[in-house]
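Okay, thanks for coming, everyone.

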Amino acid sequence: MKPFGKFLILTVLLAAFIGACAGSNSQITSKEYVLTTEMKDGNLIFLGVSDEINGISNPVLSAKPGETITVTLINGSEGQHDITFPEVQASTGVVKEKGEATSVTFTVPNVHGEMEYYDSVANHAELGMRGTLTVTESG
């Protein structure tokens, strides 16, 4: 449990740092999600860290059309990882070291349905690192 406590503190500090760096001219973020990389039952997964997705493997993210969303990825294990939303051509940078974080911000398109997200590094998506972003008015 101690490593998770350190991880939680790191996540809170990262969120505070990102908030402090946001100037008055920055893009307004309507929704934020934090994911980490994890190995579970022999599969690579994204693990939800923030709010309603905390502890959920490859969580379903949700947003409304036109909403701005920020997804932060923290490398929770060894190896290189990213998170890609191909439908909106948005991707984080690659995290290489344990504890390293990166984020991507984009505006959700004015469509309803599901958009896929996955780790585009090597064959990580095929090994389980994939999920969906549901776009609905009730996001």
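Start with Ala122, which sits in the loop between strand E8 (113–118) and strand E9 (130–135). When I say helix or strand, I mean DSSP runs, H or I of at least four residues for helices and E of at least two for strands, numbered from the N terminus. What is the phi of Ala122 like? It is near 45°, a positive value in a residue other than glycine. As background, most residues other than glycine have a negative phi. Ala122 is also exposed, at 66% relative accessibility. The cut-offs here are under 20% relative accessible area for buried, over 50% for exposed and partly exposed in between, with a 1.4 Å probe and protein chains only.

Before I go on, a word on where this comes from: it's a predicted model, local features need pLDDT of at least 70, side-chain atom pairs count only at pLDDT 80 or more, and totals for chains, interfaces and linings use all residues. Residues are numbered from 1 along each chain as its sequence is written, and side-chain values use heavy atoms, with hydrogens and water left out.

Asn58 is another residue with a positive phi, near 40°, and again it's not a glycine. You'll find Asn58 in the loop between E2 and strand E3 (61–63). Buried or exposed? Asn58 counts as buried, with a relative accessible area of 19%.

Okay, zooming out. The protein has one helix and nine strands, and along the sequence the pattern reads α-β-β-β-β-β-β-β-β-β. Buried residues make up 40% of the 139 residues. The accessible surface comes to about 7,600 Å², and 54% of that belongs to carbon and sulfur atoms; those areas are from the Shrake-Rupley method with a 1.4 Å probe, and for residues only the protein chains shown count as cover. Now contacts, meaning heavy atoms within 4.5 Å. Of the contacts between residues at least 6 apart in sequence, 60% join residues at least 24 apart.

Next, the sheet. There's an open sheet of four strands, in the order E2-E1-E4-E7, with mixed pairing. Two strands pair if DSSP finds at least two bridges between them. At the edges you have strand E2 (43–48) and strand E7 (101–107), each pairing on one side only. Neighbouring strands in this sheet are turned by 25° against each other on average, direction ignored; the axes are lines fitted to C-alpha atoms, for helices over the stretch in contact, and angles run from 0 to 180 degrees between N-to-C directions. How many bridges join E1 to E4? Six, between residues 31–40 of strand E1 and residues 68–74 of strand E4, and these two run parallel. For a landmark, Lys31 stands opposite Ile69 in E4.

Leaving out residues up to four places away in sequence, Ser77 touches Thr37 and Lys98.

Now for the inside. The largest nonpolar core has 22 residues, and Phe85 and Leu133 have the most contacts inside it. By nonpolar core I mean a set of buried Ala, Val, Leu, Ile, Met, Phe, Trp, Tyr and Cys residues joined through side-chain atoms within 4.5 Å. E1, E2, E3, E4, E7, E8 and E9 each supply at least two residues of this core, and the largest share, three residues, comes from E4. Phe85 is buried, at 0% relative accessible area. Not counting residues up to four places away in sequence, its contacts include Leu61, Val71, Met115 and Leu133.

A search of the whole structure finds three aromatic pairs. Rings of Phe, Tyr and Trp (its six-membered ring) pair if their centres lie within 6.5 Å; planes under 30 degrees apart are stacked, over 60 edge-to-face, and the rest tilted. Phe46 and Tyr117 have ring centres 5.6 Å apart and planes at 55°, so that pair is tilted. Phe46 lies in strand E2 and Tyr117 in strand E8, so the pair ties together parts 71 residues apart in sequence. Phe46 is buried at 0% relative accessibility, and Tyr117 is buried with a relative accessible area of 0%. Tyr117 also forms a tilted pair with Phe85, at 5.6 Å centre to centre and 40° between the planes. That pair links Phe85 in strand E5 (residues 84–85) with Tyr117 in strand E8, 32 residues apart. And to finish, Phe46, Phe85, Phe106 and Tyr117 form one aromatic cluster.
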